[in-house]
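Please look over the sequence and the model first.

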Amino acid sequence: SVGIRLMSFGAVSHAAVYIGDGKVVEAVGSGVRVRGIDELLEEESVVLALRYPDLSAEHAQRIGDYALTKLGTGFNYVGVSLHVPLSISRRLCELPLVPPAVRDACIRGMGVINQVAVSERQLFCSQLVAQAYRQAGVPMTDADPRLVSPVDILHMREGDVSSVSIRKPLHYAGHLKYQQGAIALALQ
């Protein structure tokens, strides 16, 4: 968690997909797994929920179904490792005066190595989330899921400035738990 926050210069360290019945699907070091939201709340210091606006029940089902097909998939250590140099170099793209379209193109350009070198068969947490939405027909962003970090997902919320172009701003549903420390996201 601390390493991810340092690498991404953000307060967010994890992302997961809420699939209903008090369960989330997440990609962790041991691979993609399902666990109860109660376990997530017990383990994390801070958990907040973001929702894709106007998400239909059918799309929500497809997101959950896709995430469940990835159970047992290995963790994408190469993808997470390549986010370190990308996170550092992308700061140039995110300078305050850089227009949003230029910022998005710059990040995508710097992320070409990630797109070429990073597998889609193994997943890291935010890659799983972005791929699940894309596969369900409601992509959160046009950026390749292998370039999306938990911080990127956090900044896709309403009223925030996203580094990558987004389809619709995510709705902040609220904090499920708040203590000083790392933040995990649960998307619905």
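Predicted model: local features only at pLDDT ≥ 70, side-chain atom pairs only at ≥ 80, totals over all residues.

Residues are numbered from 1 along each chain as its sequence is written, and side-chain values use heavy atoms, with hydrogens and water left out.

**Nonpolar cores**

- A nonpolar core is a set of buried Ala, Val, Leu, Ile, Met, Phe, Trp, Tyr and Cys residues joined through side-chain atoms within 4.5 Å; buried means under 20% relative accessible area, exposed over 50%, and partly exposed in between (1.4 Å probe, protein chains only).
- The largest such core has 26 residues, and those with the most contacts inside it are Ile-63, Val-129, Tyr-133, Met-140, Ile-153 and Leu-170.
- Two or more residues of this core come from each of strand 1 (12-20), strand 4 (46-51), helix 3 (57-69), helix 7 (125-135) and helix 8 (150-154); helices (H or I, at least four residues) and strands (E, at least two) are DSSP runs, numbered from the N terminus.
- Helix 7 supplies the largest share of this core, five residues.
- Another core, of eight residues, lies apart from it and includes Val-25, Val-32, Leu-123 and Leu-128.

**Strands 2 and 3**

- Strand 2 (residues 23-28) pairs with strand 3 (residues 31-36) in the antiparallel sense over six bridges; two strands count as paired if DSSP finds at least two bridges between them.
- A hairpin of two residues joins strand 2 to strand 3.
- Ala-27 has Val-32 in strand 3 as its bridge partner.

**Salt bridges**

- The structure holds seven salt bridges, each being a side-chain nitrogen of Lys or Arg within 4 Å of a carboxyl oxygen of Asp or Glu.
- Glu-58 forms a salt bridge with Arg-62, their closest N and O atoms being 3.2 Å apart.
- These two residues, Glu-58 and Arg-62, are four residues apart in helix 3, so about one helical turn separates them.
- Glu-58 counts as exposed at 53% relative accessibility, and Arg-62 as partly exposed at 37%.
- Elsewhere, salt bridges that share partners join Glu-26, Arg-33, Arg-35 and Glu-43 into one network.
- Arg-35 forms a salt bridge with Glu-26, with the closest N and O atoms 2.5 Å apart; Arg-35 is buried at 6% relative accessibility, and Glu-26 is buried at 0%.
- Arg-35 also forms a salt bridge with Glu-43, with the closest N and O atoms 3.1 Å apart; Glu-43 counts as exposed at 53% relative accessibility.
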